[in-house]
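Please examine the sequence and the model shown below. The paragraphs that follow lead through its helix packing, its contacts with RNA and some details of its backbone.

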Amino acid sequence: MAPRVRFAPSPTGYLHVGGARTALFNWLYARRHHGTFVLRIEDTDVERSSADMVTGILEGLRWLGLDWDEGPDTGGPYAPYSQSERLDRYRAAAARLVADGHAYYCYCTPERLQAERETAEQRGDAWRYDRACLALSADRIAELEAAGAPKAIRFKVPAARTQFADAVHGPIEFDGANIEDFVILRSDSHPTYHLSVVVDDMEMQISHVIRGDDHISNTPKHVLLFQACGAPVPQFAHVPLILGADKKRLSKRHGATSVTEYQRQGYLPGAMVNFLALLGWSPGDDRELMSTTELIERFSLEGISGGNAVFDTDKLDWMNGQYIARLPIDDLVQAVEPLLVEAGLWPPPSVEWLRRLVELLRPRAKRLTDFVDLAAPYLRDRIEYEAEAVEKHLGTPGLADHVAALMSSLRAVDPFDEPHVEADVRRIAADQGIKAGTLIHATRVAVTGRTTSPGLFEVLVLLGRERTIARLEQLLNFLATRV
RNA sequence: GCCGGUAUCGUCUAGGGGUCAGGACGGGUGGUUCUCAGCCAUCAAACCGGGGUUCGAAUCCCCGUACCGGUACCA
């Protein structure tokens, strides 16, 4: 049977890279096995959830190319896909559990529970709910009801051991004695996470639950709930967490954590997906650069590592550079264009010209945003000389004469292409009795203001004769004022 | 504290009773060259510790340690 998996983010924040990876693993699994990828919004925490966050999460997933078959916007056979619209189902399920004897009403006040925990803590003990309300007499219950006491519903955890098979960790077992009678329905009649996930996974026929490692200790509760509801228990796969460089859970302190932020910083979605896929998963061989199609073909739950993984920005940068290098040139130009516009580096002389510029700059860029700085000298009229460039390359005695010689020679070069321009520059250097490198470096400063650039002859040809000469002239003026 | 998980180069990982313990990022060195980047070559770099089992353990078992997660009327 085709698997049904789901990604169930809670819209209490943006799409975190950890969440994105969980979504990716689910998506890859669904696509690999021709199953269904369901997107469900877990917004039972009304206080902390917001519609904007939902929008942001959907946008992040779309940017990564993770499309869902059923979800809050697309609908599907098990709609609605937002938990806030499914509250009646949770209440019904909770009532059923009470009726079946799997759950019971609890009138304990949060204050009392809190106090118990604190005193236990002081003794150094763990405190689990003492089942006070399980033993309530009928009279007492009537009394509480008459007084209108608020009541929650707790699940009656059996004493037996609960076991489940985890696709990445193998068999995991918990002793019922270590699991307290957890609340499934709050006194305000909103479900807790445990109830809502299970009810939804059950109703939505989810076959595989692929989620973060941090849910392992919740899983026995969920297994118990599935069983109490008489539903089949899905296959679980708990994927390790993503850590920062200091091995702490990845957070704002470590830099960007939201996928939107990575998008803004100039990472390509393909690179992001490839990188995330390799964080905690391996195809089993040495392949690193894989297209989404390949990822789908090779993905398996067995390939997921058991241990947490550190998010290595250096490797992401490398990978992004690889994707930039392989992107079809027109796509790359299109991606860079808005950044240049935004930076006021617009318009270029022509589309072909811009394409050539991007081609020259491409191997030097790790992120799309790098193009802005890289391209700046070519898209501005005035060249500003960097101090280091002046110091290193403009101090040659008699440089003005050499530059003047080059300038007049360049006026006559025909055609103005790389081989001819190169031959010309080298000839002038020889005529002037200086090393070609000296003239090349000075010319580079003239046309870019910098010490580094793509190959000089390519740059000169890109700029064209007129602009090259204008910039050499600007250099001459600069040299004149400096003496 | 208790419960659960994890442990191979700095990082992501492959492998798995006998291997030169492989790859990638990052780092070093060299080559290409007008610079930078890229590309190519090359080097350094790891099986958490202790006990078993075994002819042989990094691999299997036990213990310990470290790290991570959970321990809510959050998700």
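Helix α16 (residues 399-412) packs against α19 at an angle of about 160°, and their axes lie 10 Å apart. This is a predicted model, in which local features need pLDDT of at least 70 and side-chain atom pairs count only at pLDDT 80 or more, while totals for chains, interfaces and linings use all residues. Residues are numbered from 1 along each chain as its sequence is written, chains are lettered from A and ligands numbered from 1 in the order in which they are written, and side-chain values use heavy atoms, with hydrogens and water left out.

Two packed helices are described by the angle between their axes and the distance between the axes. Axes are lines fitted to C-alpha atoms, for helices over the stretch in contact, and angles run from 0 to 180 degrees between N-to-C directions. Helices (H or I, at least four residues) and strands (E, at least two) are DSSP runs, numbered from the N terminus. Angles under 35 degrees count as roughly parallel, over 145 as roughly antiparallel, 65 to 115 as roughly perpendicular and the rest as oblique. Helices α16 and α19 are therefore roughly antiparallel to each other. Their contact (heavy atoms within 4.5 Å) includes Leu399, Val403 and Met407 of α16 and Ile469, Leu472 and Leu476 of α19. By class, the contact of α16 with α19 has 13 nonpolar, 1 polar and 3 charged residues. Here Ala, Val, Leu, Ile, Met, Phe, Trp, Tyr, Cys and Pro count as nonpolar, Asp, Glu, Lys and Arg as charged, and the others, Gly among them, as polar.

Helix α19 also packs against α18, at an angle of about 75° and with the axes 8 Å apart. The two helices α18 and α19 are therefore roughly perpendicular to each other. Among the residues that meet are Ile440, Ala442 and Val447 in α18 and Phe457, Leu460 and Leu472 in α19. This contact of α18 with α19 has 11 nonpolar, 1 polar and 2 charged residues.

A further pair is formed by α9 (residues 269-278) and α11 (residues 313-326), with an angle of about 135° and axes 9 Å apart. That angle makes α9 oblique to α11. The contact includes Met272 and Phe275 of α9 and Leu316 and Tyr323 of α11.

A polar backbone atom of Val310 is 3.0 Å from a phosphate oxygen. Helix α11 gives the largest share of the surface near RNA strand B, 4 residues.

The backbone deserves a final look. Most residues other than glycine have a negative phi, and most peptide bonds are trans. A cis peptide bond, with omega about 0°, joins Ala79 and Pro80, and Pro80 is in the loop between α2 (51-64) and α3 (87-99). Another cis peptide bond joins Trp346 and Pro347. His34 has a positive phi, near 55°.

Definitions and conventions
A polar contact is a pair of N or O atoms within 3.5 Å; within protein, one must be able to donate a hydrogen and the other to accept it, and residues adjacent in sequence count only if both atoms are side-chain atoms.
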